[in-house]
Amino acid sequence: MARVRAISEADPDSVRSDGPAPNSWLSEIAPYVGGAGRLNGAERVLKLSANENPMGPSPRATDAYRRAGDSLGAYPDGSASALRGAIASVHGIDPDRIVCGAGSDELIALLCQAYLAPGDEAVHSEFGFAMYRISTLAAGGRPVVAPETALTADVDALLAAVTPRTRLMFLANPNNPTGSYLPESEIRRLIAALPSRVLLVLDGAYAEYMREPDFIDGLKLVEDTDRLVCTRTFSKIHGLAALRLGWCYAPSRVVDTLNRVRGPFNVSAPAIAAGEAAIRDVDYAEACAIQNEVWREWLANELRRAGIETPRSWGNFLLPFFGQSGPTSASAADAFLRANGVIVRRMDSYGLPGHLRITVGASSDNVAVARALSEFMSEAELGKSLPGGASARP
Ligand code: PMP
């Protein structure tokens with residue numbers, strides 16, 4: 001008690017202030033808002049807002065997770081060696097260059113923490129994944145945005161954004177939320193032209209969905225350069241978003257650095273066990289990729305038939321364009337879907353307010369969202385043709 005009095009006497013402000021101030025640059029961060037999963041008053045909703053796998057994880061992963069539940073008293077293996085071994089054998093890569101994390105989000109944050117000093121720059125493309133900006137700002141770095149062309153990252157623009165302060169560059173391939181990708185030739189051109197002080201983080205969160213022959217996931221390229229890190233996730237094709245599990249493949253020096261800054265037990269034992277079973281179940285992942293491709297193309301065609309401009313996507317989602325105003329705007333479509341119990345993702349925070357991002361769901365989900373949007377478009381058309389543009393609804 002005497003000591004407390006002594007502090008407040010020495011510094012009268014200390015009792016009245018809001019406590020110690022956080023780093024000043026953190027106030028620039030707009031917190032990440034994930035895909036909503038609830039609607040007021042609705043008992044059952046269709047959640048197509050977070051690019052989750054509608055098939056969920058492999059049953060083998062669920063079994064492994066349950067078994068891990070029998071030994072929750074023990075710390076996990078801090079080096080996640082069984083999981084790294086499984087990833088390495090499935091992908092034909094070196095386990096010693098793998099670092100696992102609590103989601104690839106954590107690895108993105110650790111890379112920023114490790115490679116950005118306050119004022120250093122991290123480049124990302126215009127519609128790049130939101131966490132690149134947030135993690136850059138959190139580390140005191142400056143996000144630098146490279147414009148895209150036709151909703152696709154542009155290698156020349158990315159290179160033009162590099163300055164002497166650039167330390168990191170983030171590129172998701174394919175990208176969320178645009179669904180577009182860059183071919184191998186462009187990825188190679190980018191790596192070759194980057195100055196050696198810049199680390200390219202090639203984010204392959206959706207790489208397993210890709211089947212194009214000119215696509216490269218970059219893992220093999222890591223072995224030939226000191227400038228490339230590939231990040232991957234278990235949240236998409238492996239259906240383990242709840243467990244928070246990701247990994248990266250990196251040059252030895254980067255691995256050494258990440259192992260210094262990460263928490264000693266950053267990946268939980270159930271996540272390690274489920275991840276190992278999931279990555280080894282190659283047939284299940286393949287079935288998920290096929291399910292996604294078939295239904296993504298079906299849904300894209302249905303949306304186009306309903307008169308909604310829908311760019312091609314290579315992810316597990318679509319980014320249809322509705323426009324910003326009028327009866328068929330993105331906000332009107334979103335309101336209509338919500339009224340029908342369907343949640344998709346608004347894209348205003350990405351600077352794409354005329355678009356909605358719709359995750360490819362299970363077959364019945366896709367049928368339901370296609371039906372709802374076709375109804376929405378017909379009602380809007382009918383509304384426009386009525387005298388005074390009145391709504392067709394009574
Ligand atoms: N990168 C991209 C491009 C993503 O879309 C996501 C998830 N939305 C992530 C990384 C993060 O994935 P997680 O942290 O679940 O591994």
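**Exercise 1.** In β4, which residue is the bridge partner of glutamate 121?

Solution. This is a predicted model, in which local features need pLDDT of at least 70 and side-chain atom pairs count only at pLDDT 80 or more, while totals for chains, interfaces and linings use all residues. Residues are numbered from 1 along each chain as its sequence is written, and side-chain values use heavy atoms, with hydrogens and water left out.

- Step 1. Strands (E, at least two residues) and helices (H or I, at least four) are DSSP runs, numbered from the N terminus.
- Step 2. β3 and strand β4 (residues 142-146) run parallel and are joined by five bridges; two strands pair if DSSP finds at least two bridges between them.
- Step 3. The partner of glutamate 121 in β4 is arginine 142.
- Step 4. Between β3 and β4 the chain passes through helix α6 (residues 130-138), and this β-α-β crossover is right-handed. That is, with the strands pointing away from the viewer, the path from the first strand over the helix to the second runs clockwise.

**Exercise 2.** Name the residues that touch the most other members of the largest nonpolar core.

Solution. 

- Step 1. A nonpolar core is a set of buried Ala, Val, Leu, Ile, Met, Phe, Trp, Tyr and Cys residues joined through side-chain atoms within 4.5 Å.
- Step 2. The largest has 48 residues, and Ile87, Met169, Leu171, Phe234 and Trp247 touch the most other members.
- Step 3. Helix α11 (residues 269-280) gives the most to this core, six residues.
- Step 4. A second, separate core has 29 residues, including Phe129 and Leu352.

**Exercise 3.** Where does pLDDT stay under 50?

Solution. 

- Step 1. pLDDT is the predictor's confidence in each residue, from 0 to 100.
- Step 2. The chain averages 93, and 93% of the residues score at least 70.
- Step 3. Residues 389-394 stay under 50.
- Step 4. Where pLDDT is low, the predicted coordinates should not be read in detail.

Methods
Contact = heavy atoms within 4.5 Å. Buried < 20%, exposed > 50% of the residue type's maximum accessible area, 1.4 Å probe, protein only.
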